[in-house]
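User: Could you walk me through the structure shown here? I would like to start with one residue and then move on.

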Amino acid sequence: MRSRLLLLPLLASLALLADCAPTCSEPMPACAADCQLTNGCPQTCACPRSTGGKDAGSGAGADAGNAVSDGGSGGADAGSDGGVAAMDAGADAGLDAGADAGSAADAGQLSLFAGQLGVAGSADGDGGAASFSAPMGLALDGAGNLYVADSRSAIIRKVSLANGEVTTLAGSPNHLGSTNGVGAAASFDSPHGLACDGAGHLFVADTTNEIVRQIDLASGQVTTLAGEAGHPGKSDGVGSAALFDHPMGLAADGAGHLFVGDSYNFAVRQIDVAQANVTTLAGRLGIPGAADGIGADAGFSYLEGLASDGAGQLFVADSDNFAVRAIDTASAAVTTLAGTLGHHGDADGVGPAASFSNPVGIAFDAAGVVYVADGSRVRRIDVATRTVTSPLGVVGQAGVILGPAPAGLAAPWGLEAVPGLGLLVADSAAEVLLSFH
């Protein structure tokens, strides 16, 4: 099971690049395909743009084959070099019209936000000039910055939402380790989940190191919050006395608590950040299960993404149980929000009538919606009604296709709902950040 951690994104990435030959030819009927991808492969032609907004694609001709059609009339895409799109919230056709401001709707456009399709790397730069290698977890700091766990490069990246500039916050590309330090002096090994506490700290699930790290965003200082590097285990305790086994997802509740999806321990852990005190919130350490219940009476199987609503509710992508779970953090009561435990599938529906194939990354937005990266799709769950829909991606189609929904994804993992930008997606196999708006 441990081998699945990076093998699947790697294989998907190789598949993405296989047989990639330019296939776009003019004329294209109304340029309907908008120079998307064929079988997940970048095309090299440039098609005329549709009217109603600025080109969301590259500046100065770069990445012309990945240019995306405008998200809707009157929606001005402020594109920086390489395909960074900054949408106006009032005109964005991908946002829910009405009360659900800031929540990506079930119709919209998929655009390239940063990185180069199918090109792995660790270059800093603006938008498409930057590159990623298996980008996984995403987190927002509330000050206009997005953070990316660039997993295979073993670094933490920072992306300015205002201009799309990508820089390296901490770690040195491809230098694996568990060293604490400032900026490039620190090292990581396959970081996955990220979370910001709103108080100037970024937390990192340093997965293969078996630890949870903390980064002071002002200074770039990286420290180890909990766990002991290189020592997997299943102990509660303070700081290095606590042990994890492949921590994956992270979520902060804004009240001084950090939650950890401890994947190979099949449990959700809670860290009181001020004291670095680790306890087990739900599940039995080291024992997989498939049951709702309170605390240790609940069962999980290979947890991945976590998301908090900031009001005492935690959402869990219970990957190998093919379900999305909800935890009341005050009572530790675990329920199944959507899907049926142990039942694999691809169906939309309400609650147990819906099914999932491989739920991994997860995000919550202020409109009461949970987004789940599931195989080659993004699923949308209305928490109040437990209704599951599939706004993005196609079952059985593993390749990025830019353009109108449902478009296409390769292997999405990290998700973040951003007012004015819609839903940001880290596609770990395509090596890019995408925007669905």
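**A buried serine and its surroundings**

Analyst: Serine 153 counts as buried because its relative accessibility is 2%; buried means under 20% relative accessible area, exposed over 50%, and partly exposed in between, with a 1.4 Å probe and protein chains only. Please note that this is a predicted model, in which local features need pLDDT of at least 70 and side-chain atom pairs count only at pLDDT 80 or more, while totals for chains, interfaces and linings use all residues. Residues are numbered from 1 along each chain as its sequence is written, and side-chain values use heavy atoms, with hydrogens and water left out.

User: Where is the place of serine 153?

Analyst: Serine 153 is in the loop between β6 (145-150) and β7 (155-160). Strands (E, at least two residues) and helices (H or I, at least four) are DSSP runs, numbered from the N terminus.

User: And which residues does serine 153 touch?

Analyst: Leaving out residues up to four places away in sequence, serine 153 touches Gly121, Ser122, Ser133, Ser172, Pro173, Asn174 and His175. Contact here means heavy atoms within 4.5 Å.

User: New topic: how many aromatic pairs does the structure hold?

Analyst: There are 2 aromatic pairs. Rings of Phe, Tyr and Trp (its six-membered ring) pair if their centres lie within 6.5 Å; planes under 30 degrees apart count as stacked, over 60 as edge-to-face and the rest as tilted. The rings of tyrosine 264 and tyrosine 302 form a tilted pair, because their planes are at 45°, with centres 5.5 Å apart. This pair links distant parts of the chain, 38 residues apart: tyrosine 264 is in the loop between β16 (257-262) and β17 (267-272), and tyrosine 302 is in the loop between β19 (293-294) and β20 (303-308).

User: Are those two, tyrosine 264 and tyrosine 302, buried or exposed?

Analyst: Both tyrosine 264 and tyrosine 302 are buried. As for the phenylalanine pair, the rings of phenylalanine 315 and phenylalanine 364 have centres 5.6 Å apart and planes at 10°, so the pair is stacked. Phenylalanine 315 belongs to strand β21 (residues 313-318) and phenylalanine 364 to strand β25 (residues 359-365), 49 residues apart.

User: What is the relative accessible area of phenylalanine 364?

Analyst: Phenylalanine 364 has a relative accessible area of 23% and is therefore partly exposed, whereas phenylalanine 315, at 1%, is buried.
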